[in-house]
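Trainee: I have a new model open and would like to learn how to read it. Can we go through it together?

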Amino acid sequence: MDDDDDWLISSLERYEQLFMYDLSTPVHLMYLASDKGVWVYGQTLANKRELSLLTLPTKITNKEITGGRDFKISAGAVIPFSINCIQEMSNQQAVLCNADKRSLHWWREDERSPDLLVEIASSIVPPLPHHKECETARSQCITHIDYWKSESNDQHLLLGSNSPPDDGHVQIYDVVSHSVSWETVLDKTKLHDALYFGSPHQIVLCSGNYGEILVVDTREPFSATPTRCSMDAETHDDYALSCTSNIIGTLSDAGSLRLYDSRSYEKPFYCCTMPTTFHSSQYLTLTISPYNDRLLGYSGLHPGIIIYDTTSMPPKAIFTHDGHEKEGAESVKVHGHIWHQSIPRLLISAGSDGGLHMWQYNE
Amino acid sequence: MSDIRIVPLGAGQDVGRSCILVSMGGKNIMFDCGMHMGYNDERRFPDFTYITDTGQTLHDYINCVILSHFHLDHCGALPYFTEMCGYNGPIYMTHPTKAICPVLLEDFRRVCVDKKGEQNFFTSQMIKDCMRKVITVNLHQCVKVDDQLEIKAYYAGHVLGAAMFHVRVGHQSVVYTGDYNMTPDRHLGSAWIDRCRPDLLITESTYATTIRDSKRCRERDFLKKLHECLERDGKVLIPVFALGRAQELCILLESYWERMNLKYPIYFSTGLTEKANHYYKLFISWTNQKIKNTFIHRNMFDFKHIKAFDRSYIDQPGPMIVFATPGMLHAGLSLQIFKKWAEDEKNMLIMPGYCVPGTIGHKVLSGTKKIEIDKKLVNIRLSVQYMSFSAHADAKGIMQLIQLAEPKNVLLVHGEAAKMEFLRQKINEEFGIHCYMPANGETVAIATTPSISVNMSSLLFKRALEESIGAPPSKRLCSLPNSAVVDGLLVMKNEVIEVSLLTHKEVSDEIGLTRHKLKFSQTLTLDGHFLPDSNILELLTTSINKLVPDSKVLQTKEGYGLELSGTSVTLSIAQFLPQPLVNLTWELQDDHIGSILVMNLVRTIPRALIMT
């Protein structure tokens, strides 16, 4: 075996399962559609923007003897605009946030050619009143999204953007009436990374140079100043946010990690500084395992993805996926990672070299 | 304009029985002659009635048959086509394909006729007779089938000897890929083709809607499963075909055993090792670079850890790995071993390829737990693993090949139509070319634009290059920009389709004509009332500079005229007052400047008029 196989041999012990795909172009955005699929978005060599819905390998999902190890391209399309984020809704539609103007676009499989994705609706989302004049400016575009469907089938999208000069702007968009049902402005405060619906009336976000956790009750009047709950000790440019029903986590672009109990936001119950290899905010990602709130996935400040166990102090790195690192290609960066929701220890990650990996680490 | 017509007789929107008929420039070429493994009736073979219904015999209609590789879905119907349907024309394939093809055909014939009792099947003699008609081709060798039809083979990876074919008839050309692989594996390299810009690329699309897991991860999965089984004292059976993936897996196991210092015995069916060695030694130039490089001091196919299997080992206790034929567990040693080992749950069966319905292999892969073998019911308790090592280009690979060959059109075969709209859209968007997916029997006509290649004289080329880049050509820079305009004479000699572009002098010298100069002249009469004589030359100079930018206007020696430097254009004042007369002359090569000046010169002089 060659030296190239060293990593492969070592991987036999470390990974329960390992799948590595080499895509034509890097994945910039991905969203786990359901337990069986993933939406991926990237730009091709000819600068075309491609959106695909990939079906996870049947070897993983249904354990049949003849199950395949390949991703199936369930459907795809070359789309006419760049996007900032993807969110799947309940009926296999994806909502795309346009990166060129303040609009939302709904895409789904074409009924006539099921392997083609087609746009079925689009909607301009109103900006802040004093920013009306620059409605089409890129700076007005929606950069964060979350989705909530109530038991009574009400469907809402939580939209976040930063209007110049750094006014965080949060809106709740009613999918049925295609209108904004609630909004608030974080005056002179930047909105970071993700935002979440904690419940139908509660949203969680992270903002400002101190990475404040904000929990907003949407039953309050419009534009009410939200309750500021807790903040980092130092200032940083960017933060990643991750949230489960029990835990809220923030990670700064310098590696400062804070974990909060979702029932009490006053102060973090866990603070530490994670090791970093480089300083970058573009692909900073923090995720929490759906099976164990104390297991965190962390990427963007390191060439790989590190899984940390935070039950002890300092946190213990229990696994590092270094498959995206290539000898002689130091510039390969991880563009993001997600946890599979029903298979323990299974993650999907994407690298700047076009690599899309699915891996289940050994405990 | 003339058409290239393509009709798939098999593998149109389907995988199996590949057979694509292409008509261009009055020639009919058949690519592949495969068999469908999923059928036992006449649907197994391509529908040749499309040809016979024309009223012509097969060899009158078809100018040549080209086979891409030895897999049965590409060559399985060849003996039927030649020996039973009567085709007697030339058949082209590579040397390894010609060597291995009859081995697989005979193996399959034995299964169908001897084991399943099928009738109306070709015989062993027919296979031999068929193979005698084959003409072999080397990679990159231009083979002239006749005066107009030319074929050239390119490396396709996939299996030993697999080739893509570039076929040219006059100005029209087609590339047929057969099956190919754009990523190298442990024993073969990746497909490659030059930028041949065919009118049409006919490409397989087996994995067009797939993003393939890396080969390394497949190998990792194979090694992990196998090693785990051996560690728990189990036996591993790997049914394989005589040649192909078996060798690749053996190279993998051999190096893994070496690396991990493992001692578990690995066996290969007797006879197979020698046969494989023989072919791989014979065709070492078709393997990958690493094998070729090491071959001088060590043949990678001389395995240290893999030994010949003896039937007495079946009942031997302890862990072991056995590679045995046939690959579908329908007969022979692999079935015999399976029968013995199937009831022990410690053991493992690894199926590295496809199994035809009706075979034991297919039943096992379908999850059947009790199978009757030789009138004995066998409980399937061993672990069954399916690991596909088939090497086809996926969506990315297809796009890579299009990028390499730069075709003007793409036609997809050997895939599912229902799932290929996205790939079609992608090809169209990314390369701006049309993409077709005909079903079996459906004809696609592709219009081509005839192109005539012209040999340009070096003198003319140098001049054109100098004019286009504005400097004498260097040794390095020797291509004309697409926008360059070349002024010369097209010469076609002796009705031969060979056209040359020459300078006027070269042509007149060649045909012995005396050169004549054609001179044009025009007199412009200006209105002298508005033109004081002292200013006429100055006004004319300004006007010429406006009309012909970058022109250099000089006064003639006599002082009554102007000339444009570097051209034959001259202006002379024949009379000053009362109506100044300007004589404008130029030669043929400067006709465009002369015309501009005649048409526009007087307009640029304020209130001047042309009187005559």
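Mentor: We will take domains, then a sheet, then the chain contact. Keep in mind that this model is predicted.

Trainee: Into which domains is chain B divided?

Mentor: Domain 1 covers 2–211 + 394–448, domain 2 covers 215–386, domain 3 covers 454–511 and domain 4 covers 519–604. The centres of domain 2 and domain 3 of chain B are 63 Å apart, taken over C-alpha atoms.

Trainee: Where does UniProt place the feature "domain: Metallo-beta-lactamase" in chain B?

Mentor: The unreviewed UniProt entry puts it at residues 16–211 of chain B. That span is 25% helix and 26% strand, and its end C-alpha atoms lie 21 Å apart.

Trainee: What is the strand order of the open sheet of seven strands in chain B?

Mentor: The order is β7-β8-β9-β10-β11-β21-β22, with mixed pairing. β7 and β22 of chain B are the edge strands, each pairing on one side only. On average, neighbouring strands are turned by 20° against each other, direction ignored. Next, look at β11(B) and β21(B): they pair in the parallel sense over four bridges. There, E204(B) stands opposite V413(B). Helix α13(B) packs on this sheet, touching β10, β11 and β21 of chain B. Its direction makes about 155° with that of β11(B).

Trainee: How many residues of chain B are in contact with chain A?

Mentor: 30 residues of chain B contact 32 of chain A. Elements giving two or more residues to the chain B side include β12, α7 and α13 of chain B. By class, that side has 10 nonpolar, seven polar and 13 charged residues.

Trainee: In which sense do β5 of chain A and β12(B) pair?

Mentor: Antiparallel, over two bridges. F71(A) has I211(B) as its bridge partner.

How values were computed: Residues are numbered from 1 along each chain as its sequence is written. Chains are lettered from A and ligands numbered from 1 in the order in which they are written. This is a predicted model: local features need pLDDT of at least 70, side-chain atom pairs count only at pLDDT 80 or more; totals for chains, interfaces and linings use all residues. UniProt positions are given in the numbering used here, feature names are shortened, and annotations may be inferred rather than shown by experiment. Domain bounds come from an automatic or database domain assignment. Two residues are in contact if their C-beta atoms, placed from the backbone, lie within 7 Å. Ala, Val, Leu, Ile, Met, Phe, Trp, Tyr, Cys and Pro count as nonpolar, Asp, Glu, Lys and Arg as charged, and the others, Gly among them, as polar. Two strands pair if DSSP finds at least two bridges between them. Axes are lines fitted to C-alpha atoms, for helices over the stretch in contact, and angles run from 0 to 180 degrees between N-to-C directions.
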